[in-house]
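Reader: I am new to this structure and would like to understand the words used to describe it. Could you take me through them one by one?

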Amino acid sequence: MSTTSDHDNRMAKLTFASVYPHYLTKVEKKGRSREELHQVIRWLTGFDDKALQKQIDDNTTFEQFFQRAKLNPNAHLITGVICGYRIEEIENTLTQKVRYMDKLVDELAKGRKMEKILRSE
């Protein structure tokens, strides 16, 4: 699935710090915890709590965020539709990574079991 270059540029320039509070609110409203959110982010990116906080403090863009991340080798197992896009068909690599994160947060908020979210085979 093709996204527009304008959409991809907006995703690249968006800061993780501006989106993180929305992720946290979304999962907490559904009874999930900050620790569970961090577990999901850690699985996808390799960032521990200290490194994650540094990304927030530094106002890191998603482009920088994913350049610094060590993407989980099983991230390609994240499939489905999020925000109207089929993740596995997104051509722009960065946009796909951002949508991976969105999908994991969405699954956490929907009450999916952690072993399913973390693609434990």
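Predicted model: local features only at pLDDT ≥ 70, side-chain atom pairs only at ≥ 80, totals over all residues.

**Helix faces, packing and core**

Author: In H1, the buried residues are His7, Asp8, Met11 and Ala12. Buried stands for a relative accessible area under 20%, exposed for one over 50%, and partly exposed for what lies in between, computed with a 1.4 Å probe on protein chains only.

Reader: What makes the buried residues of H1 line one face of the helix?

Author: Seen down the axis of H1, the buried residues fall within an arc of 135°, and so they line one face of the helix. The arc is taken from the directions that run from the helix axis to the C-beta atoms. The face turned away from that buried side carries the exposed residues Ser5, Arg10 and Lys13, while what covers the buried residues of H1 includes H5, S2 and H6.

Reader: Which residues of H4 are buried, and what puts them on the same side of H4?

Author: The buried residues of H4 are Leu52, Gln55 and Ile56. They cover an arc of only 100° around the axis, and therefore they sit on the same side of H4. Lys50 and Asp57 are exposed on the other side of H4, and the cover over the buried residues of H4 includes H2, H3 and H5.

Reader: How are helices H3 and H4 arranged, and at what angle do they pack?

Author: Helix H3 (residues 34-45) and helix H4 (residues 49-57) pack at an angle of about 90°, and their axes are 10 Å apart. That makes H3 roughly perpendicular to H4, because angles of 65 to 115 degrees count as roughly perpendicular, those under 35 as roughly parallel, those over 145 as roughly antiparallel and the rest as oblique. The axes are lines fitted to C-alpha atoms, for helices over the stretch in contact, and the angles run from 0 to 180 degrees between N-to-C directions.

Reader: Which residues meet where H3 and H4 come together?

Author: Arg34, His38, Ile41 and Arg42 in H3 meet Asp49, Leu52 and Gln53 in H4, where contact means heavy atoms within 4.5 Å. The residues of this contact divide into two nonpolar, two polar and three charged. Here Ala, Val, Leu, Ile, Met, Phe, Trp, Tyr, Cys and Pro count as nonpolar, Asp, Glu, Lys and Arg as charged, and the others, Gly among them, as polar.

Reader: Why is leucine 37 called buried?

Author: Leucine 37 lies in helix H3, and at 0% relative accessibility leucine 37 counts as buried, because the limit is under 20%. Not counting residues up to four places away in sequence, leucine 37 touches Tyr20, Tyr23, Leu24, Val27, Val105 and Leu108.

Reader: Which residues touch the most other members of the largest nonpolar core?

Author: Of the 36 residues in that core, Phe16, Leu37, Leu44, Phe65, Phe66 and Met101 touch the most other members. Such a core is a set of buried Ala, Val, Leu, Ile, Met, Phe, Trp, Tyr and Cys residues joined through side-chain atoms within 4.5 Å. The elements that give two or more residues to this core are helix H1 (5-13), helix H2 (16-29), H3, H4, helix H5 (62-68), helix H6 (93-109) and helix H7 (114-117), and the largest share, eight residues, comes from H6.

Reader: How do you know whether aspartate 48 and cysteine 83 are buried, partly exposed or exposed?

Author: Aspartate 48, in the loop between H3 and H4, has a relative accessible area of 42% and is therefore partly exposed. Cysteine 83, in the loop between strand S1 (81-82) and strand S2 (85-86), has a relative accessible area of 52% and is therefore exposed. Cysteine 83 also has a positive phi of about 55° although it is not a glycine.

Methods
Residues numbered from 1 in each chain as written. Heavy atoms only, no water. Helix = DSSP H or I, 4+ residues; strand = E, 2+ residues; numbered from the N terminus.
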